[in-house]
Amino acid sequence: MVIAIDGPAGSGKSTIARLLASELGFYFLNTGSFYRAYTLAQLQRGLDPLDADSVLETAKSITLSVSNGDIHIDGVDVENKLHTPEVDKFCSPVSVDPRLREYVNEQVRALAKGMDIVTEGRDTTTVIFPDADYKFYFDASAEVRAERRTAEHPDGPDYDTVLEEIMKRDERDKNKAVGALKIADEAIYIDTTYLTIKQVCEKVLEAMNS
């Protein structure tokens, strides 16, 4: 079974997906972490993260694996390095390259084959798993999403900077040539702006059991 969750940055996808996977005994897979991992690898090599050809070359030269939902590069757990301000700055531009998106999609589908998974990302319900058993689209106001990100990273950029970046990222994600952010026809829309994590989980499980 595949439960796919889509939506913009900061809408609660990762947190809810992890909790659902744990509660259901499913495998958790964050597709966006692949782009973050490739961005990190490029930065660690001292290479330009805006050079699409170079990023693709880096991506194909390393091995990504997932254990308990955490990303490993060549066997090293890098999950705690994927959400630094520097990676945040470049991961969205990195993910625009259609060649890299197709490469990631192939990896994700291969990992998920024959497994029960809860997966999330910005084109999970529309491109990666268009035939998912359940599709959800989480949304929230840009202001609330910026508040959440600022609270998650108190040592990072201030609220105004985060809000500006989120709004720019939304615009980029909605206008991608491949894998653009949009609501799948069959997706169940949940506005998480004023909901707690528990309330969102309850809404997802209610929808699955209805």
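Me: Are Tyr38 and Tyr103 buried or exposed?
Reply: Both Tyr38 and Tyr103 are buried. Buried means under 20% relative accessible area, exposed means over 50%, and partly exposed is in between, with a 1.4 Å probe and protein chains only. This is a predicted model, where local features need pLDDT of at least 70, side-chain atom pairs count only at pLDDT 80 or more, and totals for chains, interfaces and linings use all residues. Residues are numbered from 1 along each chain as its sequence is written, and side-chain values use heavy atoms, with hydrogens and water left out.

Me: How many aromatic pairs does the structure hold?
Reply: It holds two aromatic pairs. Rings of Phe, Tyr and Trp (its six-membered ring) pair if their centres lie within 6.5 Å; planes under 30 degrees apart count as stacked, over 60 as edge-to-face and the rest as tilted. Tyr38 and Tyr103 form a tilted pair, with 6.3 Å centre to centre and 40° between the planes.

Me: Where do Tyr38 and Tyr103 sit in the chain?
Reply: Tyr38 is in helix α2 (residues 32-44) and Tyr103 is in helix α5 (residues 98-112).

Me: Which residue lies over the face of Tyr103?
Reply: Lys60 does, at 5.7 Å from the ring centre. The cut-off for a charge over a ring is NZ of Lys or CZ of Arg within 6 Å of the ring centre and within 35 degrees of the ring normal.

Me: And why is the pair of Tyr137 and Tyr189 called stacked?
Reply: Their planes are at 10° and their centres 5.9 Å apart, so the pair is stacked. Tyr137 is in strand β7 (residues 134-139), Tyr189 is in strand β8 (residues 188-191), and the two are 52 residues apart. Tyr137 is buried at 6% relative accessible area. Tyr189 is partly exposed at 42%.

Me: New topic. How many salt bridges are there in the whole structure?
Reply: A search finds 13 salt bridges. Each one is a side-chain nitrogen of Lys or Arg within 4 Å of a carboxyl oxygen of Asp or Glu.

Me: What does Arg18 pair with?
Reply: Arg18 forms a salt bridge with Glu79, and the closest N and O atoms are 3.7 Å apart. Arg18 is in helix α1 (residues 13-24), while Glu79 is in the loop between β5 and α4 (85-94). That puts them 61 residues apart. Arg18 is partly exposed at 32% relative accessible area. Glu79 counts as buried at 16%.

Me: Which residues are linked with them in a network?
Reply: The network of salt bridges links Arg18, Asp70 and Glu79.

Me: What about Asp170, which residue does it bridge to?
Reply: Asp170 bridges to Arg145, with 2.6 Å between the closest N and O atoms. Asp170 lies in helix α8 (residues 159-174) and Arg145 in helix α7 (residues 142-152), so the pair ties together parts 25 residues apart in sequence. Asp170 is buried at 10% relative accessible area. Arg145 is buried too, at 3%.

Me: On to sheets. What is the strand order in the open sheet of three strands?
Reply: The order is β3-β4-β5, with antiparallel pairing. Two strands pair if DSSP finds at least two bridges between them. β3 (64-67) and β5 stand at the edges with a single partner strand each, so one side of each has no neighbour in the sheet.

Me: How many bridges join β3 to β4?
Reply: Four bridges join them. Val66 stands opposite Ile71 in β4.

Me: Last one. How many helices and strands are in the chain?
Reply: The chain has nine helices and eight strands. Buried residues make up 50% of its 210 residues.
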